[in-house]
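Here is a quick tour for anyone meeting this structure for the first time. Have a look at the picture, then read on.

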Amino acid sequence: MSPVAPGRLSGFGTSIFAEVTADAIRHEAINLGQGFPSFDGPENVRRSAADAILGGRNQYAPLAGERVLREAVAAWMRRTQEVEVDAETEVTIVAGATAGLVDALLGLVHHGDEVIIVEPAYDAYEPAIVMAGAVPVRISPARPGYRLTEAVIEAAVSAKTRFILVNSPNNPTGRIYDEDEWDAIESAARRHDLIVLSDEVYERLAFDPARHQCPLGRPGLRDRTVTISSIGKTFSLTGWKIGWTVACPGISRRIREAHQFTIYSVATPLQIGAATALGCTDESIERFQAEYRTRRDLLFEGLEQVGLRPIMPEGTFFMLADIQQLGVDDDRSFCRRLIEEVGVAAIPCSAFTQGGDSGPVRFAFCHGEATLREAVRRLESVHKILA
Ligand SMILES: Cc1ncc(COP(=O)(O)O)c(C=O)c1O
């Protein structure tokens, strides 16, 4: 066989995000597809990393992460979630949430284990599961509410199920699990002895009255949860790729066994900067949320005015538009035409499902108000591709 014959990840193809961005550049469209902010994080945080570089903090960090950052994560969990964690044995610093998920899977999976993922699902989940030698099993809560119920989870559980991977606040739906949904997850996890892999990268992007709940705060899930998060979204520093996993000592040992052979050591000066970020004031977090609420409302009103049927997100910086209600049955071709004929890029939600069934489209509002206003102005001509 040729050494370059398709590998086990070839079937996943090229990321739709890269395609949309390339198309957006080609057609000079405003890119509301990309899922990262078009502005930089706080200056004092960037300065702290720069000082660390100039101050000689440029060699490998310890495997589990710089102590100052692990302690900052523990303090952050106490402050934002009222969850007590031990910085020494329960916090591991990883190269962004994505690498944290990979480390957790590589460290915990036994060949052939099944991992339940919830559609629509972030595109890195399934390849990560396959790389670890496990089998993804998708569940699809009913649209448009995307509510997770015990019945939906139960229908997917088999003798081989060992994990359930959840993401709240959710990309792309903007949903935040409520008490009943966490009860359903907890009850299934305990009944079937599952580990909950909880991707919480949008943890501070929760809009009143919705509240983000970290499953580590539930006594019944405390010893069977891996919380995975990062500074990327909360501090508008996605390019730093500094994240963490938090889990009981037994699970953390397994994660570190994988971490020592995947990344081993995460960028030292950026860890110092990340510790500064997590030490921010409560007021700065509130300001950050208020700014995002303004952007969210601006986009929501704009999409509503042009007739695109937006769904108000409870969290994240994503907003779905329910184009199916407008009779659109091919979200990919709709997004192509949106770029070419309207000058705005969005992501088709079929990219987040295995079957690729047409769904809503996702707009990101992690952009300045002027950019969002111009996008809304251009969207006034969307009727020509809806006709
Ligand atoms: C749900 C979700 N998880 C993880 C990530 C990536 O996080 P990180 O950059 O920290 O790896 C993203 C980024 O878009 C995301 O949407």
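In what order do the seven strands of the open sheet stand? Keep in mind that this is a predicted model.

The strands line up as 2-8-7-6-5-3-4, and their pairing is mixed. Strand 2 (91-94) and strand 4 (135-139) are at the edges with a single partner strand each, so each has one side left without a neighbour in the sheet. If you ignore direction, neighbouring strands here are turned by 20° against each other on average.

Two helices to pick out here are helix 3 and helix 8. Helix 3 (residues 67-81) lies across strand 2 and strand 8 (243-246), and it runs at about 115° to strand 2.

Helix 8 (residues 249-262) lies across strand 2 and strand 8 too, along with strand 7 (225-230). Its angle to strand 2 is about 25°.

## A pair of packed helices

Now turn to helix 2 (residues 43-54) and helix 9 (residues 268-278), which pack with their axes 8 Å apart and at an angle of about 150°. An angle over 145 degrees counts as roughly antiparallel, which means helix 2 is roughly antiparallel to helix 9. Their crossing is right-handed.

Who does the touching? On the helix 2 side it's Asn 44, Val 45, Arg 46, Ser 48, Ala 49, Ala 52 and Ile 53, and helix 9 brings Pro 269, Leu 270, Ile 272, Gly 273, Thr 276 and Ala 277. Sorted by class, this contact has eight nonpolar, four polar and one charged residues.

## Two domains

Where the two meet, 31 residues of domain 1 are in contact with 29 residues of domain 2. On the domain 1 side, the elements giving two or more residues are helix 10 (282-305) and strand 10 (318-321). Helix 10 gives the most, with six residues. By class, that side of domain 1 has 16 nonpolar, nine polar and six charged residues.

Key: Residues are numbered from 1 along each chain as its sequence is written. This is a predicted model: local features need pLDDT of at least 70, side-chain atom pairs count only at pLDDT 80 or more; totals for chains, interfaces and linings use all residues. Axes are lines fitted to C-alpha atoms, for helices over the stretch in contact, and angles run from 0 to 180 degrees between N-to-C directions. Helices (H or I, at least four residues) and strands (E, at least two) are DSSP runs, numbered from the N terminus. Angles under 35 degrees count as roughly parallel, over 145 as roughly antiparallel, 65 to 115 as roughly perpendicular and the rest as oblique. A crossing is left-handed if the near helix is turned anticlockwise from the far one by less than a right angle, and right-handed if clockwise. Two residues are in contact if their C-beta atoms, placed from the backbone, lie within 7 Å. Ala, Val, Leu, Ile, Met, Phe, Trp, Tyr, Cys and Pro count as nonpolar, Asp, Glu, Lys and Arg as charged, and the others, Gly among them, as polar. Two strands pair if DSSP finds at least two bridges between them.
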